[in-house]
Amino acid sequence: VLAEEQTVTEFHRVQFSHGSSPYGGHIDDGAVASPLFKDCVFEFGYASSHGSTYYSYAASSPRFENVVIQHGHAQGSAAVYINQGTLPQFNNVTFFNNSAAVEAAAVRANVDGSRGVLVFSRSRFIRNSAPQ
């Protein structure tokens, strides 16, 4: 899924499986996109760089509600890779069995707070692994 510019797309009860990309195995967003992912499963995502499930940049504000992110692998960092300027919302998200070759298996965030606070509400991190 590539969500850019002023995209306001909603995904309800969707299963994303075996996505692959250098950045964001399943989702790569930017500009001022604000997609909603509700009651979705992301599994077996792969990134040859960062974000086996999700890679963000620019001023995007995606929302993840009641989501499972599982069994992903990034050759760089994290299932969810959050760049400065982005402010996603995570509500009731489970990160399960994700891995990264470099660092931060589940989430790597580079957020300076200029757009607000990055919040994970009622979320779980289970059996994620990285060497650092």
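A polar contact is a pair of N or O atoms within 3.5 Å; within protein, one atom must be able to donate a hydrogen and the other to accept it, and residues adjacent in sequence count only if both atoms are side-chain atoms. The model examined here is predicted: local features need pLDDT of at least 70, side-chain atom pairs count only at pLDDT 80 or more, and totals for chains, interfaces and linings use all residues. Residues are numbered from 1 along each chain as its sequence is written, and side-chain values use heavy atoms, with hydrogens and water left out.

A polar atom of the H26 side chain lies 3.2 Å from the backbone oxygen of E43. H26 sits in the loop between strand 4 (20-23) and strand 5 (27-29). Strands (E, at least two residues) and helices (H or I, at least four) are DSSP runs, numbered from the N terminus. H26 has a relative accessible area of 6%, so this residue is buried. Buried means under 20% relative accessible area, exposed means over 50%, and partly exposed lies in between (1.4 Å probe, protein chains only). Contact means heavy atoms within 4.5 Å. Leaving out residues up to four places away in sequence, H26 touches several residues, including V1, F16, H18, F42, E43, F44 and T53.

Strand pairing was examined next. Two strands pair if DSSP finds at least two bridges between them. Four strands form an open sheet in the order 4-8-11-14, and the pairing is parallel. Strand 4 and strand 14 (99-100) stand at the edges with a single partner strand each, so one side of each has no neighbour in the sheet. Strand 8 (residues 46-50) and strand 11 (residues 73-74) run parallel and are joined by two bridges. A47 has A74 of strand 11 as its bridge partner.

Three bridges join strand 10 to strand 6 (residues 36-38). Here L36 stands opposite R63. Three bridges also join strand 10 to strand 7 (residues 41-43), where F42 stands opposite I69. Seven bridges join strand 10 to strand 13. In that pairing, Q70 stands opposite F96.

A nonpolar core is a set of buried Ala, Val, Leu, Ile, Met, Phe, Trp, Tyr and Cys residues joined through side-chain atoms within 4.5 Å. The largest such core has 17 residues, of which F37, F42, F64, V67 and I69 touch the most other members. In soluble globular proteins, nonpolar side chains tend to be buried together. Beyond its neighbours within four places in sequence, F37 is in contact with F11, F16, I27, F42, R63, F64, E65 and V67.

Aromatic rings were then compared. Rings of Phe, Tyr and Trp (its six-membered ring) pair if their centres lie within 6.5 Å; planes under 30 degrees apart count as stacked, over 60 as edge-to-face and the rest as tilted. By this rule there are 17 aromatic pairs. The rings of F16 and F42 have centres 4.5 Å apart and planes at 5 degrees, so this pair is stacked. The pair links distant parts of the chain, with F16 in strand 3 (residues 15-17) and F42 in strand 7, 26 residues apart. F16 and F42 are both buried. F90 and F95 form a tilted pair, with 6.3 Å centre to centre and 50 degrees between the planes. F90 is buried at 2% relative accessible area, and F95 is buried at 0%. One aromatic cluster includes F11, F16, F37, F42, Y54 and F64 among its members.

A salt bridge is a side-chain nitrogen of Lys or Arg within 4 Å of a carboxyl oxygen of Asp or Glu. The whole structure holds one salt bridge. E103 forms a salt bridge with R108, and the closest N and O atoms are 2.7 Å apart. E103 is partly exposed at 24%, and R108 is partly exposed at 26%.

Loop residues complete the description. F44 lies between strand 7 and strand 8. Its phi is near 55 degrees, a positive value in a residue other than glycine. N97, in the loop between strand 13 and strand 14, has a positive phi of about 60 degrees and is not a glycine. F44 is partly exposed at 37%, and N97 is partly exposed at 30%.
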